[in-house]
Amino acid sequence: MPPVVEVENLVKDFRTFDRREGVWGAIQDLYSRRYRNFRAVDNVSFSIGQGEMVGYIGPNGAGKSTSIKMLTGILVPSSGRIAANGFSPWRERTRYARTIGVVFGQRTQLWWDIGVVESFRLLQKIYEIPQAEYEHRLSKFDEVLELKRYLHTPVRKLSLGERMRCDVAAALLHNPPLLFLDEPTIGLDIVAKESIRTFLKEVNRENGTTMLLTTHDLSDIEELCHRLMIIDHGRVLYDGGLPELKRMLWEESTLKVDLRDRDQAAQLAVFSMEGVGVERVDELSYRLRFRREEVQPAELIRRIVNEVQVLDLTMEEQPIEEVVRRIYTGEALHDDAHGTPENARP
Amino acid sequence: MTLAGWTNFPALVEFGKIGFVNMLAFRLRYYTGILTYFINVTVYYFIWRAIYAADPGFAGLSFDEMLTYVSIAWIIRSLYFNNIDVQISQEIIEGKITSALLKPIDLQAATLARALGESVFRLIMLTIPSAMVLFAVYRLHLPANSLAFAQFSLALLGSILLVSAINFIVGGFAVKMKSILGLLRAKFYVMDLLSGLIVPISIFPSPFRELSEWLPFQHIVYTPLMLYLGKLSGAEAWLALGVTWVWVFALIATGSIFWKSMTKHMTIHGG
């Protein structure tokens with residue numbers, strides 16, 4: 001099956017002008033301006049298959065939103081090629097718009113002054129959705145998003161959580177095969193977040209809707225996406241699964257051991273001879289650190305269980321926040337960082 | 001100019017309804033609007049009375065005709081006036097334009113539909129009440145004849161579209177500018193002057209009069225008024241009406257091409 005989205009060598013340059021300082025500088029700026037090129041998206045290539053849910057993450061100003069704007073056709077790339085749903089987004093914007101849905105967390109796509117249901121009806125007319133289909137879909141959406149309660153409220157009077165639910169529903173009213181979400185859960189409480197995630201998962205499962213979402217909330221990625229792309233300074237640093245990323249960045253694993261009694265500590269200390277770091281947490285619990293290349297976790301656990309009386313064993317997963325923090329701060333994946341894996345793009 | 005996004009009439013009608021309904025929020029402004037228009041015409045009444053006292057044959061119009069000109073000019077201004085230049089430029093500057101760009105409908109078509117919806121509202125809430133007040137207070141001419149009134153009405157529909165098409169283009173310049181207030185204000189005064197709202201085009205001094213012959217603005221007020229007063233009749237009237245509508249289509253086509261090139265330069269901030 002051909003990919004739904006194909007991006008090749010995508011580049012976006014913005015021209016900004018440097019203001020000179022002071023009054024004299026301001027006068028000079030009137031006559032000659034010093035321009036500077038800023039490359040927001042730098043040679044990005046990827047492709048997304050039908051039904052994939054892809055997380056697109058990166059620090060602020062990394063080029064995520066610029067990419068999304070080019071993918072949705074509202075921004076013209078400086079160079080490179082995009083094919084999405086078989087269209088060139090900005091060249092065939094009007095026809096392409098029929099086949100996609102877009103949610104901007106920071107900006108509603110609904111009409112501000114009119115009631116939600118009027119916005120929906122207008123969308124029905126714009127996308128020429130047959131009445132029966134429209135009603136069926138709306139009642140379906142209502143099951144998860146519980147829209148009915150505020151269907152007649154003007155958008156400007158909705159709370160953020162209510163507005164986002166309406167926005168997500170509005171973007172999917174015409175059942176587009178491709179959905180873009182730019183920070184869909186920003187500023188939402190946990191209930192609203194859950195309801196939107198559940199809804200997106202269901203839509204993806206039932207209709208095979210392909211989704212690309214940017215977020216700063218990494219639990220969105222953990223819950224929704226099988227694949228993530230990390231972008232910084234306009235470049236893709238990583239494109240692959242979340243577990244693979246963690247494994248790649250965290251050569252060191254930790255195993256937490258809770259002992260039955262104090263005397264077992266001596267038994268445990270034996271392991272420190274074999275390339276395993278033993279750290280005391282408190283009297284009865286210890287943390288073992290080891291490198292997966294040197295020590296097989298399964299083997300280690302088997303031996304501990306045989307030789308030491310333990311209450312509990314826990315392999316400690318590195319939280320995704322920590323993984324991502326290391327990437328954003330340049331400790332990992334960046335070309336200039338120490339210990340960079342060269343195979344950052346599997 | 002492609003027709004994609006122009007052919008979805010149910011959606012355009014819906015945009016027209018939104019234009020109408022949104023005006024309801026400003027109801028109070030229309031009651032004060034009627035008063036403002038009445039005061040405007042009254043000021044002109046005294047100015048023109050002074051001028052006609054000195055020269056009764058001024059500009060080839062009688063005093064009553066001139067008073068009718070001024071009154072009807074303000075009455076129709078209440079109909080064709082809209083703010084879409086301000087609205088579009090704001091949407092561009094605030095970045096709200098993205099939601100319009102993401103819909104499979106032509107922004108210009110939707111904007112014109114909205115403007116027409118607004119005009120229908122103004123007709124009911126402002127134009128007809130103002131006309132009733134002014135006809136009651138001043139001795140105004142009725143249209144020259146029923147054909148003249150029909151032609152006047154067609155010209156009026158043309159002037160609503162002309163103003164909307166011009167405003168759409170002017171508002172679109174916001175893509176290229178950081179601040180568009182100066183341009184909006186300049187357009188506001190140029191349109192009021194060159195449309196013939198303030199004084200009839202026929203009394204413009206020579207180079208300006210000929211210049212305005214070649215501009216679309218005079219078809220906003222001057223041409224409909226000349227039709228109303230019966231100063232244009234027969235072939236001349238149809239010609240003037242034809243020129244008005246050629247301008248309507250030319251400006252809509254220009255706006256469409258202009259908007260297409262502007263969207264290529266668009267930088268959407270934030271988000």
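Reader: At what angle do α4(A) and helix α1 of chain B pack, and what does this say about their directions?

Author: In this predicted model, the axes of α4(A) and helix α1 (residues 9-23) of chain B lie 7 Å apart. Their packing angle is about 150 degrees. Angles over 145 degrees count as roughly antiparallel, and α4(A) and α1(B) are therefore roughly antiparallel to each other.

Reader: Is the crossing of α4(A) and α1(B) left-handed or right-handed, and how many residues of each class make the contact?

Author: The crossing of these two helices is left-handed. From α4(A) come L122(A), K125(A) and I126(A), which meet P10(B), A11(B) and E14(B) of α1(B). Sorted by class, the contact of α4(A) with α1(B) has 4 nonpolar, no polar and 2 charged residues.

Reader: Which elements of chain A each supply at least two residues of the side that touches chain B?

Author: Between the chains, 25 residues of chain A are in contact with 24 residues of chain B. The side of chain A that touches chain B comprises 12 nonpolar, 5 polar and 8 charged residues. The elements that each supply at least two residues of this side are α2 (64-71), α3 (93-97), β5 (100-104) and α4 (116-126) of chain A.

Reader: Within chain A, are α6(A) and α7(A) roughly parallel or roughly antiparallel?

Author: Helix α6 (residues 160-172) and helix α7 (residues 190-207) of chain A have axes 10 Å apart. They pack at an angle of about 10 degrees. Angles under 35 degrees count as roughly parallel, so the relation of α6(A) to α7(A) is roughly parallel.

Reader: Which strands are the edge strands of the open sheet of 4 strands in chain A?

Author: The order of this sheet is β11-β12-β10-β13 (chain A), and the pairing is antiparallel. For example, 4 bridges join β11(A) to β12 (residues 285-291) of chain A. An edge strand pairs on one side only, and those strands are β11 (277-280) and β13 (310-316) of chain A.

Reader: Which helix packs on that sheet?

Author: The sheet has a twist that averages 20 degrees from one strand to the next. The helix that packs on it touches β10 (252-259), β12 and β13 of chain A, and its direction makes about 170 degrees with that of β13(A). This helix is α11 (residues 297-307) of chain A.

Reader: What ipTM does the predictor give the complex?

Author: For chain B, the mean pLDDT is 89, and 96% of its residues reach 70 or more. For the complex, the predictor gives a pTM of 0.82 and an ipTM of 0.80.

Technical notes:
Residues are numbered from 1 along each chain as its sequence is written. Chains are lettered from A and ligands numbered from 1 in the order in which they are written. This is a predicted model: local features need pLDDT of at least 70, side-chain atom pairs count only at pLDDT 80 or more; totals for chains, interfaces and linings use all residues. Two residues are in contact if their C-beta atoms, placed from the backbone, lie within 7 Å. Ala, Val, Leu, Ile, Met, Phe, Trp, Tyr, Cys and Pro count as nonpolar, Asp, Glu, Lys and Arg as charged, and the others, Gly among them, as polar. Axes are lines fitted to C-alpha atoms, for helices over the stretch in contact, and angles run from 0 to 180 degrees between N-to-C directions. Angles under 35 degrees count as roughly parallel, over 145 as roughly antiparallel, 65 to 115 as roughly perpendicular and the rest as oblique. A crossing is left-handed if the near helix is turned anticlockwise from the far one by less than a right angle, and right-handed if clockwise. pLDDT is the predictor's confidence in each residue, from 0 to 100. Two strands pair if DSSP finds at least two bridges between them.
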